[in-house]
Amino acid sequence: ETSNLRHRPVGLGIMGLQDTLYATDMSFDTDEAVAFSDETMEFISYHAILASSMLAKEKGTYSSYKGSKWDRNIFPIDSLKLMEEERGIPTDVDMISRMDWTPVREHVKKYGMRNSNCMAIAPTATIANISGSLPSIEPIYKNLYVKSNFSGEFTVVNQYLIQDLRPLGLWNSNITEKLKYFDGSLKNIREIPEHLRNKYKEVFEIDPIWIIKHAAYRGKWIDQSQSINIFTSSQSGKAIADVYKQAWYMGLKTTYYLRTLGASSVEKSTLDINKIYDNTPEVAKVEIDTLVVPKPAFATASATAAVA
């Protein structure tokens, strides 16, 4: 209580980044998507800092404000520049601003800040499940997974994928059969256009360097940090080490879990045993009994995702 009242930190974050990329027809592993992360986080940062300063004008600054970075006119992007200077190594993160920050800096200089920290991005897995969005800032884990609740287990398919396949006449029994066989991965389903196969890559099909890039470009606007999970299908210690070196190089303050693929698999008892598809990816298998297409942006509070 003493610490919170003295420093008054809050952590405004985001979730459902992947939902937004699907809605705007962007693939996660593109410079276009990284620029989107950069632009949206700048907007949030701008208004979060300005709002805190407006509260300071009304109610006064937090009690430990004197001597803080805010008091010294050091904003999150400035701290990244200072880190580069101290290291003597560039981060290769573009420091461009799309908004005019002069009014915000002047307001903070005159009235200070009500909160020592304003922004942080949390994992949001539970509340994302309840609200029907994808967790936090991560790519989709699986296009097909099993959800368990008191009524039983249900196989859920990515709603955005279905919405894109239907107009092309590709949401049919043949595609659903292959989707089950390949555990939601589209990379070996050649009937689906390449653009959609790229758009709907699952997280283990994306080079983890892209997760680092998104985080680095968001990070220059965030005064706290982000829960960044690293997903990799590589078994190479050097490759994993290189990912973490890149995270350090680009100025990430923190990373969260390292997630790798499991080695085990489960037989698919409900597929046609006479159908064998080529190039089966080496990923965990799930047993599929029921196919359920969820309504957009809806989930029950009792439901928990059980991902193979």
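1. A cavity here is a set of points on a 1 Å grid over the protein atoms alone where a 1.4 Å probe fits but cannot get out. Searching the whole structure turns up 1 cavity of 30 Å³ or more, volume being the space filled by probe spheres set on the points, which are joined across faces, edges and corners.

2. Before going on: this is a predicted model, where local features need pLDDT of at least 70, side-chain atom pairs count only at pLDDT 80 or more, and totals for chains, interfaces and linings use all residues. Numbering runs from 1 along each chain as its sequence is written, and side-chain values use heavy atoms, with hydrogens and water left out.

3. On confidence, mean pLDDT (the predictor's confidence in each residue, from 0 to 100) is 87 for the chain, and 85% of residues reach 70 or more. Residues 280-308 stay under 50. Where pLDDT is low, the predicted coordinates should not be read in detail.

4. Back to the largest cavity: its volume is about 50 Å³. Its lining residues (an atom within 4 Å of a point) include Phe28, Glu138, His214, Arg218 and Phe231. Helix α10 (residues 208-219) gives the largest share of the lining, 3 residues; helices are DSSP runs of H or I, at least four residues, numbered from the N terminus.

5. Asp25, in the loop between α2 (17-23) and α3 (31-59), has a positive phi near 60 degrees.

6. Asp183 is buried (under 20%), with 1% relative accessibility.

Key
Contact means heavy atoms within 4.5 Å. Helices (H or I, at least four residues) and strands (E, at least two) are DSSP runs, numbered from the N terminus. Buried means under 20% relative accessible area, exposed over 50%, partly exposed in between (1.4 Å probe, protein chains only). On a 1 Å grid over the protein atoms alone, a cavity is a set of points where a 1.4 Å probe fits but cannot get out, and a pocket is an open set with protein on both sides within 12 Å along at least five of seven lines; lining residues have an atom within 4 Å of a point.
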